[in-house]
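Please open the model in the viewer and keep the selection panel at hand. The stops below proceed from domains to chains, then to helices and loops.

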Amino acid sequence: MAETRQYESNAAFEARLRKRITKLILFCTAVLVAVIFGFPMYFMGISAFKAESEILATPFRWLPERFVGLEHYARAFDLAPIGQWYLNSVFAATLQVSVAIFVGAMAGYGFAKFRFRGKRILFALILSIMAVPFQILLIPLFVLVRQFGWDDSYAGLIMPGIISAFGVFMMRQFAYAIPDELLDAARIDGAGEFRIFLLIALPLLAPAAASLAIILFLFSWNNFLWPLVVARDRALLTLPVGMTQFSQPYRGEPIVGPSMAVSMLATLPVALLFLFFQRYFIEGMMVSGIKG
Amino acid sequence: MINRLLLRDVSVIRRRQYWGLVFVLPAVLFFVVFFLYPLIIGFGLSLTDFTLLRPPVWVGLDNYINLLSDRLFLKSINVTLGYVFGSTVPTWILSLLAALLFYQKFPGREGLKLLFFSPLLPSVAVVSVIWVVLLHPSGILTHFIGPLVGKSSITWLHDLTLSPIVIVVARIWSVIPFYMLIWLAGLTAIPQELRDAALVDGANRRQSFLRVELPLLRPTAVFVMAVSTIAAFQGFTLQFIIAPNQGGPVDVNTTLGVVIWKYGFQFYRMGDAAAVSVVLFAFIMIVTGIQLKLGSSDRYSLQ
């Protein structure tokens, strides 16, 4: 009897020990993985505060030997019109997100809540847009924008991305959730269709659009290829395109510190979105496949 | 009376349905101008010798025939396929392993997961600029790997063999957290009862994973494979910024995307660039087709 109990508690102890060890191994593996994946971002952040000579020095120092404050940030603004590029990126993103949300909500609402002739084929058009990668359209779109006289202008930079097929698609999904009774009630009260959309449908769609807005912002903010080909005037560049000038030495002199500072500035809005709207951020990423 | 009311209702409903068209019209018109029309002139341009300087002249399939003996284009097909295989297969495996790791319960998991997610934040341009610094000949990567091969300076980016590899590494680093999220969502969607049932039936954890969870992850797997392959076929920004001379050295990083940019915006050979775009389109449509087939067929299994 005593022996059995001894045996049982031994087994229980062993099981518990084994569980503990498994957890420890999992924890250590996760620390290793997280450090490997987090390191480049840490490197970027900390290098912006290190003296130029120290950034590339090995072995790597986790904290700067000499903390240079915002020196590299100031230098970056001296070397290039960062402020202008930042404003261009913000301007393009704001315009593209707001128009895409509004027009997308309209179209999504139209597709979800009305029956009309040609609806199927028009929706198939929207779906096919999502399947065609942008690189295929790069050349003809550039030729078209040039025909419009829009090359090297804000119109050329912003217009081709001002409405998003993905936005229409998502808004349609959201609009299905609007109860028909609500819309009919407004109709009986004599409200016009556009008023119903503005005053009833749009406010109902807005919260659902949070993750969509984040994704549309990322699309616009991170866009590289289109601004690269359409903007040649230095004052018209967006941040992602402009900042690549920092990956080359400036007059033979390395500017790694400023390049890390600019990288930080370019990542900052995205990091803030991630911190404050983590759930929407991740949700939006997953449905859009944007980071693939 | 009732009939007249009904008739009136029908016409009201009908009038209302026109509003659907009114609502979708702005978006549809936009896509006709900025998607459908360019798509069609893209095919058209690929049949001309357009250079932006003079009006396009019809050349039929000449551009395509010339591509068949175009060294840069042929090389870029190899480069692109190498990049696609090199960056996708490790991404699938490593992101699944990461998802399995963070699916387990252990202390500090949420905090470590956030750190692991940090590559989700930077744009590809930022990723490129960071990796240019990490890959400095006497920089941090050399510091770790150099001693293993007895070197104090490695020219990662100017080496014909190494530079495509390190670009793949940068790519894998930047996308794994995203695919891990997808796998994690797939794993979370598997009902716990199925795992329990397998364990009750005498399966061990490994068998339960291989026989129960992995087959149920099939739709997730098809999604991950397709999205990552399609994205890799469009590889451009990393090669453009990280590699020396846009896609160098000696064009070892010149993907199809880089060729489109070079022909279009360096040499202004819009016709050739459009033809390369059509080829890229064909590649991507093949992948999309395979995805649709795998996604809908019941016979396919990961086992």
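Begin by selecting domain 1 of chain A and domain 2 of chain A, whose centres, taken over C-alpha atoms, are separated by 38 Å. Domain 1 covers 2-69 and domain 2 covers 72-288 in the domain assignment of chain A; such bounds come from an automatic or database domain assignment. The model is a predicted one, in which local features need pLDDT of at least 70 and side-chain atom pairs count only at pLDDT 80 or more, whereas totals for chains, interfaces and linings use all residues. Residues are numbered from 1 along each chain as its sequence is written, and chains are lettered from A and ligands numbered from 1 in the order in which they are written.

Next, display the contact between the two domains of chain A, to which domain 1 gives nine residues and domain 2 gives eight residues. Contact here requires C-beta atoms, placed from the backbone, within 7 Å of each other. On the domain 1 side, α1 (2-47) and α2 (52-55) of chain A each supply at least two residues, and α1(A) has the largest share, with three residues. Helices are DSSP runs of H or I with at least four residues, numbered from the N terminus. That side of domain 1 of chain A consists of five nonpolar, two polar and two charged residues. Nonpolar denotes Ala, Val, Leu, Ile, Met, Phe, Trp, Tyr, Cys and Pro, charged denotes Asp, Glu, Lys and Arg, and polar denotes the others, Gly among them.

Now show both chains. Their contact takes 74 residues from chain A and 78 residues from chain B. On the chain A side, α1(A) provides the largest share, 14 residues, and the composition is 55 nonpolar, 14 polar and five charged residues.

Centre the view on Ala107(A): beyond residues up to four places away in sequence, Ala107(A) touches Val168(A), Met171(A), Phe23(B), Val24(B) and Ala27(B).

Which residues of α5(A) are buried? They are Leu122(A), Ile126(A) and Ile129(A); a residue is buried with 20 or more other C-beta atoms within 10 Å of its own, exposed with 12 or fewer, and partly exposed in between, C-beta atoms being placed from the backbone. Viewed down the axis of α5(A), the buried residues fall within an arc of 60 degrees, so they line one face of the helix; the arc is that of the directions from the helix axis to the C-beta atoms. Turned away from this buried side are the exposed residues Arg120(A), Ile121(A), Ala124(A), Leu127(A) and Ala131(A).

Move to helix α3 (residues 71-79) of chain A, where His72(A), Tyr73(A) and Ala76(A) are buried. Their cover includes α4 (82-113) and α14 (256-276) of chain A.

Finish in chain B, in the loop between α11 (237-241) and α12 (256-266), which holds Pro249(B). The peptide bond from Gly248(B) to Pro249(B) is cis, with omega near -5 degrees. Asp251(B) is found in the loop between α11 and α12 of chain B, and its phi is positive, near 60 degrees.
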